[in-house]
Amino acid sequence: MRIRAAMATALASAGILLAGWQSGAHVAETTTSTTTSLSSSMTAGGSAANGSTGTTGTSGASGSSAESTTAATYDGASVRTRFGTVQVQVTIQDGKITEVVPLQLTDAERKSAQISSRAAPVLRSEVLQAQSANVQTVSGATVTSEAYLTSLQAALDAANF
């Protein structure tokens, strides 16, 4: 009888540990890739030299002026969760976060995809307002939010932001 109780306790403990491990977000890929993109709005007389700078020409109502705008995009780490993988890309221009794009969101089930599609715009808005990954998680989308923010922080770290 004692052996049966000990076995049941050991199996229950293992189940709890496994459930806890699976509920956390795990970084599947710790490397981040960095790409530089140019501003897509080119006006008359504006050009980008050999694709390596983000300088564009702009024209205003009072005449022409040249402004230097460099936008760099950084891919965050792929973060695996029990509901799927999350990865985001951040664009930084003139020392500010100007865009956050989810490259991949949780989609293990139909419900996961619905939760992700609801949470991503809220997280994007909060990140753009806070200018950091230090924002609250979306209620009802905790796992997705934590993975999103973990991936975002990896991208911001790659950008030295």
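**Helices that cross, strands that pair**

Biologist: When H2 passes H3, is the crossing left-handed or right-handed?

Modeller: First off, this is a predicted model, where local features need pLDDT of at least 70 and side-chain atom pairs count only at pLDDT 80 or more, while totals for chains, interfaces and linings use all residues. Residues are numbered from 1 along each chain as its sequence is written, and side-chain values use heavy atoms, leaving out hydrogens and water. A crossing is left-handed if the near helix is turned anticlockwise from the far one by less than a right angle, and right-handed if clockwise. For H2 passing H3, the crossing is right-handed.

Biologist: Are the two helices, H2 and H3, parallel or oblique to each other?

Modeller: Helices (H or I, at least four residues) and strands (E, at least two) are DSSP runs, numbered from the N terminus. The axes, lines fitted to C-alpha atoms over the stretch in contact, with angles from 0 to 180 degrees between N-to-C directions, cross at roughly 45° and come within 10 Å for H2 (residues 110–130) and H3 (residues 142–158). Under 35 degrees is roughly parallel, over 145 roughly antiparallel, 65 to 115 roughly perpendicular, and the rest oblique. H2 and H3 are therefore oblique.

Biologist: Now over to the strands: how many bridges pair E7 with E8?

Modeller: Two strands pair if DSSP finds at least two bridges between them. E7 (residues 84–93) and E8 (residues 96–104) run in the antiparallel sense.

Biologist: Which residue takes a positive phi in the hairpin of E7 and E8?

Modeller: That hairpin has two residues between its strands. The phi in question is near 50°, and the residue is Asp94.

Biologist: Which residue of E7 is the bridge partner of Asp75?

Modeller: E5 (residues 71–75) is joined to E7 by five bridges, and the two run antiparallel. Asp75 has as its partner in E7 Gln89.

Biologist: And which residue in E7 stands opposite Thr81?

Modeller: E6 (residues 79–81) also runs antiparallel to E7, with three bridges. A hairpin of two residues connects E6 to E7. Opposite Thr81 stands Gly84.

Biologist: Is Thr91 buried or exposed?

Modeller: Thr91 sits in E7, a strand with nine of its 10 residues buried. Leaving aside residues up to four places away in sequence, Thr91 touches others, including Ala72 and Thr98; contact means heavy atoms within 4.5 Å. Buried means under 20% relative accessible area, exposed over 50%, partly exposed in between (1.4 Å probe, protein chains only). With 13%, Thr91 is therefore buried.
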